[in-house]
Amino acid sequence: MAVGFLSGLIVILKYFAQEGIISRIGTDLIAWRVTVAAFALGLGAANLIQVHARAIIRREKNADSSFLLLATMAVFTVLGVVSGPNSAAYKWFWDNVYQPIYGGIASLLAFMIVSASYRAFKVRNWQSAVLMISALIVILGQVGLVSRVFAGLPSLSQWVMSVPNTAGMRGITIGGALGAIALSLRVILGFERSYMGGGQQ
Amino acid sequence: MRRSWATAVQSIDRRVLYALTFVIVLLPLVRPLGFPLNITPNTRRAFEIIDALPEGSLVFHSVGFDPSGDAEVWPQMQALSRHFMSKGLRIVYFPTNVGGDMYAEAIRAQLAPKFGYEYGRDFAILPFKAGGAPAIAAMADFYSLYTVDRDGTPLSELPIFDGFRGMQDVSLITTSSTGDDALFLAVYLEPKFHIPIVVGGAATIMPVLGPYLASGQIKGIISGLAGAAEYEVLSEMPGQAIGAMDAQSAGHLFIACLVILGNVGFFAQSRAVRRKEGV
């Protein structure tokens, strides 16, 4: 808790002190966060191995998928560590395995979006009418052909994005920032201790 | 019992929708339709800021996407890089996504030779740093975060970093990202160094950036594939975005038609129900 308090305090003070020891320690603390984040990646990988190895050992449902995942992970890791990410083998795997599979999965979203918009965008009340009309304006504002017929549509689309959307996002951003300040203060002052794994408070 | 047309147009089988989507998106890719393009003020502003930079200016470009955002963001990154290189700007690519360095590598392999760009002198690729916001915040003290490039070469051995003190020497930051790079750059680096930021990224992240564009912390936005196509038109260097825009426009039109069709059916059905109930 004391570490959390001191770290938080130093980083806040660093904002006001551009030079001196506080600034230097604050800069170091921020750089350490990158190292901690890198460790978090390792921790995630370890957790993934643990969960899927258990599934394989216990021959759970979809254990074959778990095996495939771990095997791919091992191949990529060995290729990356042994031959380096610039090697022909690593690039071959990236270009011919990872990229097409990941891109393919992401492109399935287009089909889901078509089906979901068709089913969900129904004008049941005035709020949903506003939502649907705004969505149509923004979608069609991107289509040059439609804009040739309705000349004012791109400007209207731009207006939707830069006025009502910006106003709404500004409110959300300020609300989120106030929440983050409140939570940070609770952590610094020791009221919030759940991040240490010790329960609610 | 025979279904009414109002019910039928509201319950088209999803397999039919998927098949139609496939055909409608595929056809313009095979046979381009030549839909006209609108140039939005945001893309024009982004282009003008970059175009006004003098030769030799140093640009930092974040690469924050992976194959899931490839179709939208990769054409943007290529369009921006082509423009940078045609103007003789010096470029430092910094991956903020674990897959980002592979796209910077693709620029090194495919685009740089066409413009006679030499690695280390005219452009460089920094290694990926995990963490998102903390990594971008740490860039404020540049050499505490980066000491070598992606290949492990010390930055002091790369001519592009000769005399480079830190982010205060950067003329412009641009992004090609599906994540929150632009947000973090606007929050952590812009207030301290006042570096102009031009954002390129997936269209889905653009609504979040509206307040930063209005406040001037972000100078221009290139939004999605449409933004990439507009940029290609403005820079007069056509690439893959212009061709792909026909497919995207056709997809957008299809979605709009389906939404309208579904609502026509919904209204007709509601009206029939009200009439039946004598309301």
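**Figure 1. Helix 8 of chain A and helix 9 of chain B in the predicted model.** The axes of helix 8 (residues 164–188) of chain A and helix 9 (residues 206–215) of chain B come within 8 Å and cross at roughly 90°. The two helices are therefore roughly perpendicular to each other. On the chain A side, helix 8 makes the contact through A:Asn165, A:Thr166, A:Met169, A:Arg170 and A:Thr173. On the chain B side, helix 9 contributes B:Pro207, B:Val208, B:Gly210, B:Pro211, B:Tyr212 and B:Ala214. Sorted by class, the residues of this contact are 6 nonpolar, 4 polar and 1 charged.

**Figure 2. Helix 5 of chain A against helix 11 of chain B.** From helix 5 of chain A, the contact is made by A:Met132, A:Leu136, A:Ile139 and A:Leu140. From helix 11 of chain B, the residues are B:His252, B:Leu253, B:Ile255, B:Ala256, B:Val259, B:Ile260 and B:Asn263. This contact has 9 nonpolar residues, 2 polar and no charged.

**Figure 3. The interface between chain B and chain A.** Here 63 residues of chain B are in contact with 52 residues of chain A. The area buried between the two chains is about 4,700 Å², and carbon and sulfur atoms give 68% of that area. B:Asn38, B:Pro67 and B:Met102 together supply 13% of the area that chain B buries against chain A, more than any other three residues.

**Figure 4. The salt bridge between chain B and chain A.** The count between these chains is 1 salt bridge. B:Glu105 forms a salt bridge with A:Lys91, and the closest N and O atoms of this pair are 4.0 Å apart.

**Figure 5. A salt bridge within chain B.** Over all chains, the count comes to 12 salt bridges. In the pair shown, B:Asp101 is joined to B:Arg150, with the closest N and O atoms 2.8 Å apart. The pair links distant parts of the chain, the two residues being 49 residues apart. B:Asp101 lies in helix 5 (residues 100–111) of chain B, whereas B:Arg150 lies in the loop between helix 7 (142–145) and strand 4 (172–177) of chain B.

**Figure 6. Helix 3 and helix 4 of chain A.** The axes of helix 3 (residues 63–83) and helix 4 (residues 88–120) of chain A come within 9 Å and cross at roughly 145°. A:Val75, A:Phe76, A:Leu79 and A:Gly80 in helix 3 meet A:Ala89, A:Tyr90, A:Phe93, A:Trp94 and A:Tyr98 in helix 4. The residues of this contact divide into 8 nonpolar, 1 polar and no charged.

Conventions: Residues are numbered from 1 along each chain as its sequence is written. Chains are lettered from A and ligands numbered from 1 in the order in which they are written. This is a predicted model: local features need pLDDT of at least 70, side-chain atom pairs count only at pLDDT 80 or more; totals for chains, interfaces and linings use all residues. Side-chain values use heavy atoms; hydrogens and water are left out. Axes are lines fitted to C-alpha atoms, for helices over the stretch in contact, and angles run from 0 to 180 degrees between N-to-C directions. Helices (H or I, at least four residues) and strands (E, at least two) are DSSP runs, numbered from the N terminus. Contact means heavy atoms within 4.5 Å. Ala, Val, Leu, Ile, Met, Phe, Trp, Tyr, Cys and Pro count as nonpolar, Asp, Glu, Lys and Arg as charged, and the others, Gly among them, as polar. Buried area is the accessible area (1.4 Å probe) that two parts lose on being put together, summed over both. A salt bridge is a side-chain nitrogen of Lys or Arg within 4 Å of a carboxyl oxygen of Asp or Glu. Angles under 35 degrees count as roughly parallel, over 145 as roughly antiparallel, 65 to 115 as roughly perpendicular and the rest as oblique.
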